[in-house]
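Here is a short briefing to read alongside the model.

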Amino acid sequence: MAGLKLYSVSDSPPSTAVKMALEALALEYTNVEVDFAAGEHLSDDFSKKNPQREIPCLDDNGFFLSESVAILQYLADKYGPGHSLYPRDPQQRALVNHRLAFNISTYYARIAEYAVAPIFFDYKRTPEGLNKLKIALNVLNTILERQGTKFAAGEHMTLADLSLVAATMCLEAVEFDLTPWARVQRWYADFKQAAPRLWAVAEPAMLELRAFSNSPPDLSALRHPYHPVRASK
Ligand SMILES: N[C@@H](CCC(=O)N[C@@H](CS)C(=O)NCC(=O)O)C(=O)O
């Protein structure tokens, strides 16, 4: 048995969500750091593992899976059946799935566009992007407020928290002020306190993103198929 292998990038939010799930489920795995700056994930060789040419990508003894949400769900189903991270009750599970879908379609998508992409590529932080991000934060704040629970899908920590925390850490990395979203701010702080082992997985990624935010990496040699690359200085 070769075991689980995760192709990831150290400062990547979706990779971080998967690493937190592996930690939460106490699963051993081999981490394969992909050289993003060299475009390793864009290579034809990598596309055999993941035709999307994205990380993260899981290799479970030759079973390849990408999309962090699908990976989280697979890991919980296969290696943690019955674990409170991914409840079996259809309505509880539906709420977890809803938060995961909301994160990937809206919350993280807007954070990635506004906060993360301009660190690495030639994108601007626009007022429109900020407005879309604020609307997504309003939604998460309302969900948490109405639900009145400590975690994103109920009283127990679930896969939803892992994905949403990995997204929110990008806002912390760029020192985005969460004060107007008090429930989001409290939920994020509560997560760190409730799950120090998981936060220990995420914090180095957040700090690495912050370092890149303060001093953007030189990706001018990267011939990226769809991101506008900043010219070298
Ligand atoms: N929907 C994907 C998003 C993954 C994603 O955006 N990965 C980024 C790195 S954090 C990536 O590989 N981007 C490819 C690129 O920018 O070339 C997931 O959640 O797995």
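How much area do domain 1 and domain 2 bury between them? About 1,700 Å², with 70% of it on carbon and sulfur atoms; buried area here is the accessible area (1.4 Å probe) that two parts lose on being put together, summed over both. Please keep in mind that this is a predicted model, in which local features need pLDDT of at least 70, side-chain atom pairs count only at pLDDT 80 or more, and totals for chains, interfaces and linings use all residues. Residues are numbered from 1 along each chain as its sequence is written, and side-chain values use heavy atoms, leaving out hydrogens and water.

**The two domains**

- The domain assignment of the chain gives domain 1 (4-79) and domain 2 (90-214), with bounds that come from an automatic or database domain assignment.
- Domain 1 brings 18 residues to the contact and domain 2 brings 23 residues, where contact means heavy atoms within 4.5 Å.
- Taken over C-alpha atoms, the centres of domain 1 and domain 2 are 20 Å apart.
- Asp11, Pro13 and Met20 provide 35% of the area that domain 1 buries against domain 2, more than any other three residues.

**Pairs across the interface**

- Two salt bridges are found across the interface of domain 1 and domain 2 (a side-chain nitrogen of Lys or Arg within 4 Å of a carboxyl oxygen of Asp or Glu).
- On the side of domain 1 that touches domain 2, α1 (13-24) and α3 (68-79) each supply at least two residues; helices are DSSP runs (H or I, at least four residues), numbered from the N terminus.
- The largest share of that side of domain 1, nine residues, comes from α1.

**Thr158**

- You will find Thr158 in the loop between α5 (127-147) and α6 (159-173).
- Thr158 is buried, at a relative accessible area of 3% (buried means under 20%, exposed over 50%, partly exposed in between, with a 1.4 Å probe and protein chains only).
- Beyond its neighbours within four places in sequence, Thr158 is in contact with Ser84, Leu85, Pro87, Val96 and Ala153.

**Pro216**

- Pro216 sits in the segment after α8 (196-214) and counts as partly exposed, at 42% relative accessibility.
- Leaving aside neighbours within four places in sequence, Pro216 is in contact with Ile119 and Arg230.
- From C-alpha to C-alpha, Pro216 and Tyr226 are 19 Å apart in space, and they are 10 residues apart in sequence.
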